[in-house]
Amino acid sequence: RPVSHWMDRTHKIDILIYLFLVLAILGLADSVYLAASYFTDSPLSCETIRGCNEVANSPYATIAGVPISTMGVLYYVIAVAGAFFYLVKRRTVYATLLALLTMIGFATSAYFMYAQIALIKAICIYCVASAVIATLMLIVAAVIRGHDVNHHEEAEMLADEKGGGAL
């Protein structure tokens with residue numbers, strides 16, 4: 001079937017994966033700043049919404065002695081690596097792994113937002129930024145996976161119609 005859209009599906013996926021990468025890099029920068037503050041015992045610069053340091057110094061800022069910000073760095077590094085693997089390999093498994101990873105990131109961010117509001121009773125703008133980024137990454141990853149799966153199913157159907165079998 002001819003491409004009747006202003007851009008083909010592969011180009012749309014490319015745009016989405018680059019958007020995903022930008023979001024992951026922004027999240028990584030945010031987490032690196034929070035981790036650096038933790039390990040250097042430096043206060044966070046928090047002029048917009050006061051409460052960053054209350055959150056960063058709360059008992060909820062670590063799990064088993066590991067700073068949440070360090071876990072955030074790891075999460076965003078894995079997200080960046082996964083996006084690069086997807087760009088290079090174009091395998092549905094990487095789109096699926098990105099979608100699963102971002103579900104975990106979203107759920108974790110949702111819990112930490114709850115902890116800030118209900119338990120700590122303070123808001124960290126950097127944590128909010130990370131939660132927004134994680135939410136946007138979840139949405140983008142779900143769209144990428146949907147486009148990727150549909151693209152592969154259509155390619156297989158076309159190959160079958162031409163007698164070429166599965167890809």
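Which residues have the most contacts inside the largest nonpolar core? They are Ile17, Phe20, Met137 and Ile144, in a core of 23 residues. A nonpolar core here is a set of buried Ala, Val, Leu, Ile, Met, Phe, Trp, Tyr and Cys residues joined through side-chain atoms within 4.5 Å. Buried means under 20% relative accessible area, exposed means over 50%, and partly exposed lies in between (1.4 Å probe, protein chains only).

Before going further, a word on the model. It is a predicted one, in which local features need pLDDT of at least 70 and side-chain atom pairs count only at pLDDT 80 or more, while totals for chains, interfaces and linings use all residues. Residues are numbered from 1 along each chain as its sequence is written, and side-chain values use heavy atoms, with hydrogens and water left out.

Let us step back to the whole chain. It has 5 helices and 2 strands, and from the N terminus on, the order is α-α-β-β-α-α-α. Helices (H or I, at least four residues) and strands (E, at least two) are DSSP runs, numbered from the N terminus. Of the 167 residues, 35% are buried. The chain exposes about 9,700 Å², and carbon and sulfur atoms supply 68% of that area, as computed by the Shrake-Rupley method with a 1.4 Å probe, where for residues only the protein chains shown count as cover. A contact means heavy atoms within 4.5 Å; among contacts with a separation of 6 or more, 75% are between residues 24 or more positions apart.

Now back to the largest core. Two or more of its residues come from each of α1 (9–40), α3, α4 (92–120) and α5 (125–161).

An α-helix has 3.6 residues a turn, so residues three or four places apart point the same way. After the helix comes Arg90, with a positive phi near 55°.

A second, separate core has 9 residues, including Cys46, Ile120, Ala122 and Cys124. Cys46 also takes part in the 1 disulfide of the structure, its partner being Cys52, with the sulfurs 2.1 Å apart. A disulfide is counted when a pair of cysteine sulfur atoms lies within 2.5 Å. The link is right-handed, with 55° about the S-S bond. Cys46 is buried at 7% relative accessibility, and Cys52 is buried at 0%.

Cys124 is buried at 1% relative accessibility, whereas Cys127 is partly exposed at 22%.
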